[in-house]
Amino acid sequence: MSLYAYEDDLLVYAAEAEERRPYRCSGCGSPVRVRKGPSRVPHFYHLARASSCRLYSKSEDHLLAQLSLKKLLPAGETVIERPFPRILRVADVAWETRKIIFEIQCSFLTPREAEHRMEDYQTAGYQVVWILDDRIFNRKILRPAEQLVRLFPCYYATLRKGDPIFYDQFEIFHRNYRIKKGHHLKIHIEKPRTLPSFSWEEDRFPSQIIQKAAKTSLYFQGDLLHKALLSEAIPMLAISMQNLRALERLSVKEAKQKVSLLRKVIKKIFLEPFGILMFFLLERAAR
Ligand SMILES: [Zn+2]
């Protein structure tokens, strides 16, 4: 479903569209109709299955998150479902004055698709900020695309029950496992900032922050990078950064030990008896 569709060459907002009138999807050009109701967001739906169109699989939560973002950002500076015909994409929310694209992700995606999306928008002069639905992401096992996009401007969102909450968090990974995560850091999506040049010393900051600072120059008020920068001036925050770094080292070490212990147990239980049996059978065969 989508909030906008074409009538001839004009984009029409679903709330202003007429039922039973033909419109065309702004993503794939297929025929769409508008659906309205007292308890739903007015939206366009495809008349036929269009699984390759990204707008086709959008949920109502996705549309609500787009509308909430628009409400939070300065009036007149954003465009919902902004078409980029040259790169064949429709951005969830484009913040035109800041050259930022908000991509809300309520379903799985591959690292390849995530990478392509970031590259495409970059060629159009925009930077992607990922908003990941925490019903799908932010779980114990990291999705491969999540592992990638968390290194770039990327936040989680709680999209159910009322207005969405956008947040960042401290987290520790070991391979594709999230072994620890901190409390939600509410971010101000309407207050983006540019990262100043800063010396990110390894002993003073968790690796999550150092890796992110190497990939992006964009951060938002209230996020982890913002907290890390503030730690220059606030001793309490500097101590908490160092504590997080120490916790990270300890947790990763423990996780590695657990894995090696598990390997030893598996070897003892399964492989050793199997080895003995093989030895016994070979001995018999040789007789
Ligand atoms: Zn479509």
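Nine residues of domain 1 are in contact with eight residues of domain 2. Contact means that the C-beta atoms of two residues, placed from the backbone, lie within 7 Å. On the domain 1 side, the touching residues are four nonpolar, four polar and one charged. Here Ala, Val, Leu, Ile, Met, Phe, Trp, Tyr, Cys and Pro count as nonpolar, Asp, Glu, Lys and Arg as charged, and the others, Gly among them, as polar.

This is a predicted model: local features need pLDDT of at least 70, side-chain atom pairs count only at pLDDT 80 or more, and totals for chains, interfaces and linings use all residues. Residues are numbered from 1 along each chain as its sequence is written.

**Domains**
- Domain 1 covers 1–53 and domain 2 covers 59–286. These bounds come from an automatic or database domain assignment.
- The C-alpha centres of the two domains are 32 Å apart.

**Whole chain**
- The protein chain holds six helices and 16 strands. Both are DSSP runs, numbered from the N terminus: helices are H or I with at least four residues, strands are E with at least two.
- Its radius of gyration is 24 Å, while a compact globule of 287 residues would have one near 19 Å. The radius is taken over C-alpha atoms, and the globule rule is 2.2 Å times the number of residues to the power 0.38.
- Along the principal axes, the C-alpha atoms fill a box of roughly 85 × 60 × 35 Å.
- Of the contacts with a separation of 6 or more, 53% join residues 24 or more positions apart.

**Burial and core**
- Buried residues are 30% of the 287 in the protein chain. A residue is buried if 20 or more other C-beta atoms lie within 10 Å of its own, exposed if 12 or fewer, and partly exposed in between.
- The largest nonpolar core has 56 residues; Phe-44, Ile-101, Phe-102, Ile-131 and Ala-157 touch the most other members.

**His-188**
- His-188 sits in strand β15, residues 188–194.
- His-188 counts as partly exposed because it has 14 C-beta neighbours inside 10 Å.
- Apart from neighbours within four places in sequence, His-188 contacts Phe-220, Gln-221 and Gly-222.
- Glu-254 is 66 residues from His-188 in sequence and 35 Å away in space, C-alpha to C-alpha.

Methods. A nonpolar core is a set of buried Ala, Val, Leu, Ile, Met, Phe, Trp, Tyr and Cys residues joined through C-beta atoms within 7 Å.
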